[in-house]
Amino acid sequence: MVEQVKQLIRADRRMTIEELTQEVGISHGSIHAILSDDLKMKRVSAKFVPRLLNPNQMETRQLTAAECFEKSTEDPTFLETSLQVTRPVHLRPGDKDAVIRMAHNVLSSTKEITSCQIQKKKVMLVAFFGNEGVVHHEFVPDGQSVNGPFYMQVLKRLREAIRRKRPAKWQGGWSLHHDNAPSHTSIVVQMWLAKKNILLLHQPPYSPDLAPSDFWLFPKIKIVLTP
């Protein structure tokens, strides 16, 4: 039975526990026990499993990658002037200052990361970072939805933070890379970015490997916050 489950997983790593249950003919709990206890497997973030893109999505991904490659070839400082934004991260910190220190440590990759006290109440953190580390961060107020108007106000404060903290980027120009969350793609945000002449780097659909925050930042934060 264990070997059968092992072969099924090797043949298709997208298989769910429910599909394995139907294929092997044993209970959900038995499948889970085989995966965790016998095969020592654990589930990683499902979004990093390659998705079968349709032709239009594949073309968009190729065009976006080619565009970024062309820009980096023409301008050696291209990556240095781009800023990444994390999606709102749900955290359960006992001390907000500890979370900020943790985020700076994770992004700099030069300091020891220490776990913070875990409480029941969750907070949401939005952080913007570039090659020099975090340039701006905000905790989302309790009860606040991360919608277009709210995100636009966050971007306004980001712009002011760049002017104060990163004068070289402010004078030389900077670009923004965020994913396709509804708040990011809302009309009010798109109009504001265009009005301020802020270059937006496109994010292809279902491509978390092209988003630095999804690819390496969030997994590190999850490790730090694991009780």
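1. How many helices and strands are there in the protein? Counting through the model, which is a predicted one, you'll find ten helices and six strands.

2. Before you zoom in, have a look at the confidence. The mean pLDDT of the protein is 75, and 71% of the residues reach at least 70. Helix H9 (residues 187-195) has the highest confidence, at 94, while strand S2 (residues 89-93) has the lowest, with a mean of 47.

3. Two stretches call for some care. Residues 90-96 have a pLDDT below 50, although the model gives this stretch 27 contacts beyond near neighbours in sequence. Residues 106-120 also stay under 50, and here the model has 31 contacts beyond four places in sequence.

4. Now for the overall picture. The protein has 227 residues, and 38% of them count as buried. Its accessible surface is about 14,000 Å², with 54% of that belonging to carbon and sulfur atoms. If you take the contacts between residues at least 6 apart in sequence, 66% of them join residues at least 24 apart.

5. Is Thr64 buried or exposed? Thr64 counts as buried because its relative accessibility is 7%, and the cut-off for buried is under 20%.

6. What surrounds Thr64? A polar atom of the Thr64 side chain lies 2.8 Å from the backbone oxygen of Thr60. Setting aside neighbours within four places in sequence, Thr64 is in contact with His202 and Pro204.

Note on methods: Residues numbered from 1 in each chain as written. Predicted model: local features only at pLDDT ≥ 70, side-chain atom pairs only at ≥ 80, totals over all residues. Heavy atoms only, no water. pLDDT = per-residue confidence, 0-100. Helix = DSSP H or I, 4+ residues; strand = E, 2+ residues; numbered from the N terminus. Contact = heavy atoms within 4.5 Å. Buried < 20%, exposed > 50% of the residue type's maximum accessible area, 1.4 Å probe, protein only. Areas by Shrake-Rupley, 256 points an atom, 1.4 Å probe, with all protein chains shown as cover. Polar contact = N/O pair within 3.5 Å; in protein donor to acceptor, adjacent residues only side chain to side chain.
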